[in-house]
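The sequence and the structure come first.

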Amino acid sequence: MGSVRWAFPCGAWRPRRRQWLLAAQLVQPEEKERIGQFVFARDAKAALAGRLLMRKLISEELCIPWNEVHLQRTSKGKPFLANNLLGSNSNYNFNVSHQGDYAVLAAEPELQVGIDIMKTDLPDIEVNTVVMVEKEDSLFSKSIKEPIKEIVSIWRIVSIHIFIIPTKENRLFSAIVSLATCSSSIPNFFHIMKRQFTETEWDVIKSMSNEWMQLDMFYRHWALKESFLKAVGVGIGFNLQRIEFNVSPLQLEIGKVYKETKMLLDGEKEEEWTFEETRLDDHHHVAVALGKQEGFVQKDSDVHSMEPNQPQFTVLTFEDLVASGIPVTPEDSAYWDNFCSKQEGPVKQSSHSR
């Protein structure tokens with residue numbers, strides 16, 4: 001049992017009937033129902049892949065039979081294993097993220113872990129829209145003209161635009177970015193997002209030689225911040241300017257794992273946190289936050305003594321994903337019909353060239 005880094009290319013996955021129905025059988029009933037409610041096929045695939053990654057991890061690394069794995073969520077929305085674990089397994093920590101074309105997972109036997117993936121993409125959604133928000137299992141429609149603070153203080157914004165575009169995480173940050181993507185230009189997008197980064201971070205972002213590279217650096221910082229927030233399990237209300245990242249190196253090679261980036265919290269350098277950064281391809285950044293678990297006793301308190309040996313991401317096939325699967329629910333042929341009725345993704349209203 002050691003460090004795990006997995007990625008599944010859910011964007012390229014075109015499930016056949018047998019695959020989709022099998023995958024649906026391998027998750028808990030409430031998760032299957034939630035996934036079936038997504039408007040777009042791309043979001044249903046990503047969410048389902050995320051659940052399968054967690055169940056595969058627990059089944060194979062902790063040796064709990066797949067159909068006995070019981071996942072729950074914290075009050076902040078972070079998934080956790082509800083099964084009772086004994087001994088060293090009780091410290092096992094994992095986290096998933098899905099955005100763009102991948103679902104990713106990171107797991108550690110002794111460290112707190114948070115992971116986030118971001119795809120660099122131009123903000124090209126038109127304004128004049130409807131926001132869909134979620135509270136528990138119900139959807140409500142609110143005009144975008146209503147105060148954003150009122151909306152995000154009560155509900156999690158899960159989508160925007162007349163085509164309904166779900167966000168990926170239960171966080172104020174993601175909600176704000178979803179609203180910000182209505183901006184038709186990168187400078188306008190950055191203006192809306194100004195409060196989410198420190199002046200030093202903006203200096204680095206805007207020092208890049210062109211707008212595309214600036215946007216790429218913006219999403220790199222975003223992934224880093226989200227990874228930390230997910231590791232510590234905080235949500236709405238956290239002041240993101242309390243966190244500042246000094247990224248290094250400025251350019252990341254595809255497939256290589258970097259650990260040079262440092263974080264400041266309230267202006268003080270955080271020695272007990274390490275951040276792994278990886279480019280899966282030209283467009284996808286992954287950040288993994290690693291920190292010492294509270295209450296975990298270690299002779300050397302420095303987190304670096306517990307660091308994994310820079311594990312690279314293993315890209316899984318669908319067959320890899322379900323290899324140890326044992327059905328949790330019976331086959332439901334209507335679930336395939338439901339999936340086939342979904343459009344892959346929203347039709348973009350405008351186009352940009354890189």
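## The second largest pocket

Strands β3 (79-81) and β4 (93-99) each supply at least two residues of the lining of the second largest pocket. The largest share comes from β3, with three residues. Strands here are DSSP runs of E, at least two residues long, and helices are runs of H or I of at least four, both numbered from the N terminus. The model is predicted: local features need pLDDT of at least 70 and side-chain atom pairs count only at pLDDT 80 or more, while totals for chains, interfaces and linings use all residues. Residues are numbered from 1 along each chain as its sequence is written, and side-chain values use heavy atoms, with hydrogens and water left out.

The pocket holds about 320 Å³ of space. Its lining has 15 residues, and the closest to the centre are Phe80, Leu81, Tyr92, Asn93 and Phe94. A pocket is an open set of points on a 1 Å grid over the protein atoms alone, where a 1.4 Å probe fits, with protein on both sides within 12 Å along at least five of seven lines; lining residues have an atom within 4 Å of a point. Grid points are joined across faces, edges and corners, and the volume is the space filled by probe spheres set on them. By class, the lining has seven nonpolar, seven polar and one charged residue. Ala, Val, Leu, Ile, Met, Phe, Trp, Tyr, Cys and Pro count as nonpolar, Asp, Glu, Lys and Arg as charged, and the others, Gly among them, as polar.

## Tyrosine 102

Tyrosine 102 lies in strand β5 (residues 102-108). Its relative accessibility is 14%, so tyrosine 102 counts as buried (under 20%; exposed is over 50%, partly exposed in between, with a 1.4 Å probe and protein chains only).

Leaving aside residues up to four places away in sequence, the contacts of tyrosine 102 include Phe8, Pro9, Cys10, Leu280 and His284; contact means heavy atoms within 4.5 Å. Proline 9 is 93 residues away along the chain, yet the two C-alpha atoms are separated by 4.5 Å.

## Cysteines

Cysteine 10 is buried, with a relative accessible area of 2%. Cysteine 63 is exposed, at 63%. The count of disulfides is zero, where a disulfide is a pair of cysteine sulfur atoms within 2.5 Å.

## Aspartate 216

Aspartate 216 belongs to helix α8 and is buried, at 11% relative accessible area. Beyond four places in sequence, aspartate 216 touches Thr120, Arg279, Asp282 and His285.
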